[in-house]
Amino acid sequence: MKTLIRTAASVAALATAAVACTSTTAGTPPKPRASSLGAIRLVAYTGCDDLLSGLREHAAQRVTPWGFDNVIPLAYMEDSARSVTANAKTSTPEHSTTNVHEAGVDEPDVVKTDGDRVITVKDGVLRIIDTATRKVTGSLKLTEGENGPGVPADLLVSGDRALVLMRGGDIMYKRMAGFAPQGDTRYVLVDLSGAPKVLSTIKPQGSYVDARMVGSTVRLVTRSQPDIAFPEFKEDVSEAERVKRNQAVVRQAPADAWLPKIEITDASGAVRKDSVKCERISHPADYTGTSLLTVHTIDLAQGVTAAGTDPISLAADGDIVYGTGSSLYVASNPRWWMPVVISEPAVETPATTPSSGEAAPAVEPTPTDPPVPDTPTPSPEPTIPPEETEVHRFDIGSPGAPSYVASGKVPGRLLNQYSLSEYDGHLRVATTLTSPDGKNSSSAVYVLKADTLARTGEVGGLGEGERIYSVRFIGPVGYCVTFRQVDPLYTLDLRDAAAPKVTGELKITGYSAYLHPGAEGRLIGIGQEASEKGRTLGTQVSLFDVSDPASPRRLSQLFQKDSGSTAEWDPHAFLYWPKTGLAVIPLTQQTESGGLVLKIDDSGVTKLGMIKHPGKDEYQAGIQRALVIGDSIWTLSYDGIQVNDAATLAQQAWIPLR
């Protein structure tokens, strides 16, 4: 008997598979398999008995000889500058904020500013810098012993409260949540009103996925797996027997093994432990039982109250978070998988007659019959599971815990959160569907009703043989860049949810990996120039005229040979200040690293200069973020923060952070 299971692929295998997506192998590869998918009903468990029977059985079906399949989600790697703090003091200088997907929905980042202060966290230490004196006025060590260096952390700030999101000891934990060990996630609430001090420390079970903040309320998404200890086997135990015994362990596991735990420590050191209640866990109709998504709610203005973080959970997987002012979406990309064939000798069973079901008399072989070899029973070849993306929506329009709304699926794989966009009661989803052999692909945009996630319309056939490199939805218009050898920029008319359509296409060399709204009728692209054969040549910044959706055109291009920018895959690294057209992106070249300063106006892109930090090491001196505060540009690197005059780029201050 052969059994197909899925196992986690290594990082190297992921990279190989990603390359295969853009393969140009000759021949006629099979088309990607589309599937007819609609909305999926969300069902809440009635209690622990209901939860236990459902999770046990679904999880048992996902057991391998080595435990659970432990699949690893693949990650590829409105203009926030317009949102100046509404209630800021009149003396507070104008300032940029984190470049976010949706206006009014803040995203975690390594640095935040309210104009009067710059708050940053690095190596487990939170620091506060006064923007007037340009001095560090407060610091707080958030880690113990030697555990600080290398610990990745992000910030969310509201008033005099900061929430530090710590993800353990590997920078990849946020991007590839499946790698994070259980219990390595911590959320630390800090009071900034005086000398910074810890108010609460929250340790949820599982790994940090992402968070969004609307007003002062933060919704945190974590992903956990059942806490089940599988037996250790001797080498002579067959894989089939291992699966059987592991399934037995899962079917006997208590409900507590699945219930996500949380530990809250207050300022006095008192510890309170709790877990998500069974009746606060729901599940889609189709789920594995091997992972749970938990959404925690914290109002920074109130702190951690007696209700804790008011968690709710969903028996599902997820690695991409997208939020609006009233909705939180968590999406789970298809998992990379590799077939493992479990073989065991054929088992002789008595033959039965179709009518009676009784054993038929044994037939003795004649002397001329060949011996029957002891070989595994043949079975059909393994079938590759369909490439589908699951999307789950939560309503966050009211205070307190969110409520589940709907869950659905679309064919293909998301690029990132910018592949999702809610507008006028609908969710737009852009995916790339790749054939099982990786030789063919095409992309599409699906329009789903936000209240049910049932499919309303779709437009496909984008970039045959290519994959999506960037997406941006701006109101009723969508922009999608696909790439293999040339860069088609598609403009999409999404006004009619039932009949979205492509209205224009622009083919140029290279690609844009990030798209940002510019002035009216303008679109900014950050990416790579490439040869006609698709070989990347260096960073390019493009300005597109999209005022006529039927005829998009590139007005200007700035090209930096043999260079790259983290803004291609991390939008937080891109600064655009509409008031003056100032833009800054991190740039790494063979000979230098720094912040490339640009002016982007209606007609073109102009290089103003480079901001460089002290230090010979490209990593230490490399620019991570840029901010505008008053008439100055503040740039952050691993070693420190530098302040430069926004008009002349002359250095004004250096603030070491080591």
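The charged end of K122 sits over the ring of Y638, 4.5 Å from the ring centre. A charge counts as over a ring if NZ of Lys or CZ of Arg is within 6 Å of the ring centre and within 35 degrees of the ring normal. This is a predicted model, in which local features need pLDDT of at least 70 and side-chain atom pairs count only at pLDDT 80 or more, while totals for chains, interfaces and linings use all residues. Residues are numbered from 1 along each chain as its sequence is written, and side-chain values use heavy atoms, with hydrogens and water left out.

**Aromatic pairs**

- A search of the whole structure finds eight aromatic pairs; rings of Phe, Tyr and Trp (its six-membered ring) pair if their centres lie within 6.5 Å, and planes under 30 degrees apart count as stacked, over 60 as edge-to-face and the rest as tilted.
- The planes of Y187 and Y208 stand at 75 degrees, with ring centres 6.1 Å apart, so this pair is edge-to-face.
- Y187 belongs to strand β12 (residues 186–191) and Y208 to strand β14 (residues 207–214), so the pair links distant parts of the chain, 21 residues apart; strands are DSSP runs (E, at least two residues), numbered from the N terminus.
- Y187 and Y208 are both buried, meaning under 20% relative accessible area (1.4 Å probe, protein chains only).

**Around Y469**

- Y469 and F483 also form an edge-to-face pair, 5.3 Å centre to centre with 75 degrees between the planes.
- Y469 lies in strand β30 (residues 467–474) and F483 in strand β31 (residues 477–483), 14 residues apart.
- Both Y469 and F483 are buried.
- R467 lies over the face of Y469, at 4.2 Å from the ring centre.

**Cluster**

- One aromatic cluster is formed by Y418, Y514 and F574.

Key
Helix = DSSP H or I, 4+ residues; strand = E, 2+ residues; numbered from the N terminus. Buried < 20%, exposed > 50% of the residue type's maximum accessible area, 1.4 Å probe, protein only.
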